[in-house]
Every structure is written in structure tokens, then in C-alpha cells.
Amino acid sequence: MKTFFASRFVSEEALNEARINYPIKLKYYKIINEEEEKLKFGIQIIKIEYRKEGRKVEKKEREKIESEEQKVEGILKILERNEVTPIELEEILEDIIMDKKIKKSLQNIEN
């Protein structure tokens, strides 16, 4: 099951910087896998380009990211705030996961 989390149009500044002259909407969804006990939550991003010749849709999802709903919602907020697109999802998630592991390791060293 997936539930809507947020949507936004890519900022005009970002579109101009990329030399794109049509609007792009990003939609962010939280995926909930009721059958899974560990890593129950995932993320889906949908990008809709509103071109003259019609709409172009791109999707990417990653299941089994997190076991706690609050944490996956925190990740979704980061993705939405930074206008992360489907093609960037895997790389950004890996960065977030690695950052968490590094912080946890540092805490263990300090204790």
C-alpha cells in the first residue's frame, strides 16, 4: 500500500538552471508493506513533465528502507525539500543511510 506524502513543482530557478522550459511536478509517497516486520516502510517518487507534446511520467520506488514510520517520513521531508527526482533517489538514499551509519559508529566510539 502507498500513501501520498507531498508534492511540489520544481522551482523556476532550478528549471532555468537546467535550461528546462516546461513545468515539472514531483510527488512523494510512503510505501507501507503490512506483511513485512522489519524494514516495513519504503518510498516512491513520481516525476511528471508537462511538455508541449504531452505529459511524460517517470517513477522510482524503493521498498524496505526503514522499520520506523517517523524515520521514513523524515527522509521523505528531506527528499521533498531538496526536489529529489526519481533518477536521484537511489544515490540520495545511500548517502542518507551511510550518514546514519557513520553517526551511529561515532556514537559507539564516544561511549
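A residue counts as buried under 20% relative accessible area, as exposed over 50%, and as partly exposed in between, with a 1.4 Å probe and protein chains only. Phe9, with a relative accessible area of 46%, is therefore partly exposed. This is a predicted model, in which local features need pLDDT of at least 70 and side-chain atom pairs count only at pLDDT 80 or more, while totals for chains, interfaces and linings use all residues. Residues are numbered from 1 along each chain as its sequence is written, and side-chain values use heavy atoms, with hydrogens and water left out.

**Overall fold**

- The protein chain has three helices and four strands, where helices (H or I, at least four residues) and strands (E, at least two) are DSSP runs numbered from the N terminus.
- From the N terminus on, the order of elements is β-α-β-β-β-α-α.
- The C-alpha trace spans about 55 × 35 × 15 Å along its principal axes.
- Of the 111 residues in the protein chain, 31% are buried.
- Contact means heavy atoms within 4.5 Å; among contacts between residues at least 6 apart in sequence, 56% join residues at least 24 apart.

**Nonpolar core**

- A nonpolar core is a set of buried Ala, Val, Leu, Ile, Met, Phe, Trp, Tyr and Cys residues joined through side-chain atoms within 4.5 Å.
- The largest such core holds 19 residues, and Ile43, Ile45, Ile75 and Leu79 touch the most other members.
- At least two residues of this core come from each of β2 (24–32), β3 (41–51), α2 (69–81) and α3 (89–110).
- Apart from neighbours within four places in sequence, Ile75 contacts Ile43, Ile65, Leu93, Ile96 and Lys100.

**Aromatic pairs**

- Rings of Phe, Tyr and Trp (its six-membered ring) pair if their centres lie within 6.5 Å; planes under 30 degrees apart count as stacked, over 60 as edge-to-face and the rest as tilted.
- By this rule there are two aromatic pairs.
- Phe4 and Tyr29 form an edge-to-face pair, because their ring centres are 5.7 Å apart and their planes stand at 75°.
- Phe4 is in strand β1 (residues 2–9) and Tyr29 in strand β2, so this pair ties together parts 25 residues apart in sequence.
- Tyr29 is buried, at 13% relative accessibility.
- Phe9 and Tyr50 form a tilted pair, because their ring centres are 6.2 Å apart and their planes stand at 40°.
- This pair links Phe9 in strand β1 with Tyr50 in strand β3, 41 residues apart.
- Tyr50 is partly exposed, with a relative accessible area of 29%.

**Largest pocket and Thr85**

- The lining of the largest pocket has 13 residues, and Val10, Ala14, Glu83, Thr85 and Glu88 lie nearest its centre.
- On a 1 Å grid over the protein atoms alone, a pocket is an open set of points where a 1.4 Å probe fits, with protein on both sides within 12 Å along at least five of seven lines, and lining residues have an atom within 4 Å of a point.
- Helix α1 (residues 12–17) supplies the largest share of this lining, three residues.
- Thr85 lies in the loop between α2 and α3 and is buried, with a relative accessible area of 15%.
- Beyond neighbours within four places in sequence, Thr85 contacts Leu26, Ile45 and Lys47.

**Lys64**

- Lys64 sits in strand β4 (residues 54–66) and is partly exposed, with a relative accessible area of 42%.
- Its contacts, leaving aside neighbours within four places in sequence, are Glu36, Leu39, Phe41 and Gly42.
- The C-alpha atoms of Lys64 and Glu36 are separated by 8.4 Å, although the two residues are 28 residues apart along the chain.
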